[in-house]
Amino acid sequence: MLWSYAARLTTALAAAATLTVSMPFTAHASAVGSTPVRTFEYSIGGATMKVPTGCMFTHIIRGKGRKITYQNAGVDCGFVGALNSGFCNWRIDFAYADTNNRTYRTSRGKTHRECKIDPMRNNSPQTLPHYGKACAHLYVNGVRRVTQCHHITK
């Protein structure tokens with residue numbers, strides 16, 4: 001009985017190993033980076049808004065070579081940053097530059113008039129015409145406040 005159980009377990013493990021080795025898989029490149037959002041103040045309708053330290057702007061990109069299959073950027077706040085009133089009149093843009101640092105495409109996000117503590121945006125999958133870099137920019141009340149970039153290489 002014990003021998004039968006051991007034989008079945010060995011056979012099952014061997015089959016699983018064979019499937020794992022023989023299954024094709026696609027290599028994907030991905031990158032995640034975060035940049036601190038520096039403390040800043042801005043005015044909305046006569047009121048002064050202050051964003052304290054404790055917020056990070058994170059940019060995620062997945063794909064292979066010049067093909068981007070997923071892209072997202074957003075803000076996460078913790079500690080004192082989580083107590084702020086949020087980011088008002090915000091938008092997130094995605095910009096693409098070639099290896100000479102010349103921006104050739106920008107996907108401008110919608111300006112959101114509401115205040116949000118955790119603004120975020122996804123971008124559509126795409127194939128870039130050039131290697132270089134992909135950047136995400138956070139604008140608050142029309143001013144670029146933080147940028148996070150990833151290099152796109154072969």
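**Figure 1. Asn 141 in the loop between strand 11 and strand 12.** In this predicted model, Asn 141 is found in the loop that lies between strand 11 (132-140) and strand 12. The phi angle of Asn 141 is near 55 degrees, a positive value in a residue other than glycine. Asn 141 has a relative accessible area of 31% and is therefore partly exposed.

Figure 2. Val 146 belongs to strand 12, which covers residues 143-152. With a relative accessibility of 7%, Val 146 counts as buried. Neighbours within four places in sequence being left aside, Val 146 is in contact with Thr 35, Pro 36, Val 37, Phe 57, Ala 136, His 137 and Leu 138. For Val 37, the separation from Val 146 is 109 residues in sequence, while the C-alpha atoms of the two are 6.1 Å apart in space.

Figure 3. The whole structure contains 2 aromatic pairs. In the pair of Phe 40 and Phe 87, the ring centres are 6.4 Å apart and the planes stand at 40 degrees, so this pair is tilted. Phe 40 is part of strand 2 (residues 40-44) and Phe 87 is part of strand 6 (residues 87-98), so the pair ties together parts that are 47 residues apart in sequence. Together with Tyr 42, Phe 40 and Phe 87 form one aromatic cluster.

**Figure 4. The hairpin of strand 2 and strand 3.** Strand 2 pairs with strand 3 (residues 47-51) in the antiparallel sense, over 5 bridges. Within this pairing, Ile 44 stands opposite Ala 47 of strand 3. The two strands form a hairpin with 2 residues between them. Gly 45 is in the turn and has a positive phi of about 55 degrees.

**Figure 5. Arg 91 with Tyr 139 and Asp 93.** Arg 91 lies over the face of Tyr 139, at 4.0 Å from the centre of the ring. Arg 91 also forms a salt bridge with Asp 93, in which the closest N and O atoms are 3.0 Å apart. Arg 91 and Asp 93 are both buried.

Figure 6. Asp 98 is buried, its relative accessible area being 15%. Asn 101 lies in the loop between strand 6 and strand 7 (103-107). The phi angle of Asn 101 is near 65 degrees, a positive value in a residue other than glycine.

**Figure 7. Arg 62 over the ring of Tyr 70.** The charged end of Arg 62 sits over the ring of Tyr 70. Its distance from the ring centre is 4.5 Å.

Figure 8. Strand 5 (residues 67-77) and strand 9 run antiparallel and are joined by 4 bridges. The bridge partner of Gly 74 in strand 9 is Met 120. Strand 9 (residues 120-123) has a covered face with Arg 121 and Asn 123. Met 120 and Asn 122 make up the uncovered face of strand 9. Gly 78 lies in the loop between strand 5 and strand 6. With a relative accessible area of 22%, Gly 78 is partly exposed. Gly 78 and Cys 55 are 23 residues apart in sequence, and their C-alpha atoms are 6.3 Å apart in space.

**Figure 9. The whole protein as context for the close-up views.** The secondary structure comes to 1 helix and 12 strands. From the N terminus on, the order of elements is α-β-β-β-β-β-β-β-β-β-β-β-β. The protein has 154 residues, of which 34% count as buried. Among the contacts with a separation of 6 or more, 60% are between residues 24 or more positions apart. The accessible surface of the protein comes to about 9600 Å², and 57% of this surface belongs to carbon and sulfur atoms.

Conventions:
Residues numbered from 1 in each chain as written. Predicted model: local features only at pLDDT ≥ 70, side-chain atom pairs only at ≥ 80, totals over all residues. Heavy atoms only, no water. Phe/Tyr/Trp six-rings, centres within 6.5 Å; stacked < 30°, edge-to-face > 60°. Lys NZ or Arg CZ within 6 Å of the ring centre and 35° of its normal. Buried < 20%, exposed > 50% of the residue type's maximum accessible area, 1.4 Å probe, protein only. Contact = heavy atoms within 4.5 Å. Pairing = 2+ DSSP bridges. Salt bridge = Lys/Arg side-chain N within 4 Å of Asp/Glu carboxyl O. Areas by Shrake-Rupley, 256 points an atom, 1.4 Å probe, with all protein chains shown as cover.
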